[in-house]
Amino acid sequence: MVPLTPVITVSCEMKNAFLFFSVLEFAVGILVNAFIVSVNFWDVVRRQPLSNCDLVLLSLSLTRLFLHGVLFLDAVQLTHFQRMKDPLSLSYQTTIMLWMIINQAGLWFTTCLSLFYCSKIVRFSRTFLLCLASWISRKTPRMLLGAVLFSCLCTLLCLWDFFSSSHFSVTTRLSMNNNTELNLKTANLRFSRSFLFCSLGSIPPFLLFLVSSGLLIASLARHMTTRRAQTRDSRDPSLEAHLKALRTLVSFFCLYMVSFCAAVISVPLLMLWHNKIGVMVCVGILAACPSGHAVILIAGNAKLRRAVETLLLWAQRSLRLRVDRKADPRTPDLS
């Protein structure tokens with residue numbers, strides 16, 4: 001086992017710095033995801049139909065709003081209530097399990113986005129794949145509903161396993177009052193088992209995400225080969241669609257792997273090495289990744305980009321109007 005110096009207590013300055021960055025990450029995450037939600041909700045208010053892509057982005061952004069709330073709760077708990085002498089308190093275990101459940105739902109919605117891109121961009125030659133792509137492009141709301149149902153099923157299984165383990169842990173503590181070390185090891189093993197059990201629910205959507213993204217990459221390679229053999233146009237809509245979709249999906253893959261590694265590393269940091277600073281760094285990484293992907297989603301979506309440009313233009317006009325009012329020539333010059 002890698003030796004690591006335990007950091008059970010953290011200085012007040014370190015806690016304040018971590019809490020400041022947590023508030024900043026929370027504000028940015030809430031701002032960008034609430035922007036996506038509000039733009040699409042405004043279309044609903046104006047009775048304009050939402051596209052299938054808008055429905056997926058709306059579902060994903062709503063999930064990430066709850067995710068940022070749970071991560072901010074985790075940050076507050078780390079700075080004010082968490083004691084590393086007893087790291088696996090029931091409240092902290094509950095916060096981690098909530099993060100896993102919401103993060104898994106977000107993975108399902110991102111997989112739906114990847115399947116939607118694949119059905120719209122990739123040109124299939126086999127009849128079965130062609131029919132499947134046509135169904136996905138036409139039945140995206142049903143696909144989202146299926147993702148919600150599967151996420152609910154995984155949530156019920158995770159909660160059942162978690163609360164049964166928590167009950168076992170409580171009864172074990174009552175029966176092992178004279179052996180604190182054995183009690184702590186038993187609680188660590190139970191929580192690790194629950195953590196791994198809930199992580200199994202992320203395997204199906206992640207595999208689907210990899211398959212659909214792989215099909216997009218293969219389609220892009222095939223398109224580039226065909227394009228070299230033909231006359232090159234100044235503008236290729238198919239190439240632009242491939243690149244925009246892959247930019248969104250590859251960025252999510254990279255950020256998801258970074259957040260997954262941070263989550264995995266935080267478990268031994270918490271339970272074995274009791275290193276609170278390391279856990280704080282991991283929580284900060286977990287909060288930064290979904291915010292970064294939301295910014296990439298806004299940059300890659302024409303509708304959201306237009307909304308950003310409209311908002312910036314409105315802010316620029318408001319600022320100019322205030323400046324003009326302050327420098328009104330009708331104001332008498334007293335000099």
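Author: The protein chain has 10 helices and zero strands, where helices (H or I, at least four residues) and strands (E, at least two) are DSSP runs numbered from the N terminus. This is a predicted model, in which local features need pLDDT of at least 70, side-chain atom pairs count only at pLDDT 80 or more, and totals for chains, interfaces and linings use all residues. Residues are numbered from 1 along each chain as its sequence is written, and side-chain values use heavy atoms, with hydrogens and water left out.

Reader: How are two packed helices described?

Author: Two packed helices are described by the angle between their axes and the distance between the axes. Here the axes of α3 (residues 90-121) and α8 (residues 237-271) come within 11 Å and cross at roughly 160 degrees. Axes are lines fitted to C-alpha atoms, for helices over the stretch in contact, with angles from 0 to 180 degrees between N-to-C directions. The two helices, α3 and α8, are therefore roughly antiparallel (angles over 145 degrees).

Reader: Which residues in α3 and α8 meet?

Author: Among them are Trp99, Leu107 and Tyr117 in α3, and Leu249, Phe252 and Tyr256 in α8; contact means heavy atoms within 4.5 Å.

Reader: Is Cys289 buried or exposed?

Author: Cys289 counts as buried, at 8% relative accessibility (buried is under 20% relative accessible area, exposed over 50%, partly exposed in between, with a 1.4 Å probe and protein chains only). Cys198 is also buried, at 1%.

Notes: Parallel < 35°, antiparallel > 145°, perpendicular 65-115°, else oblique.
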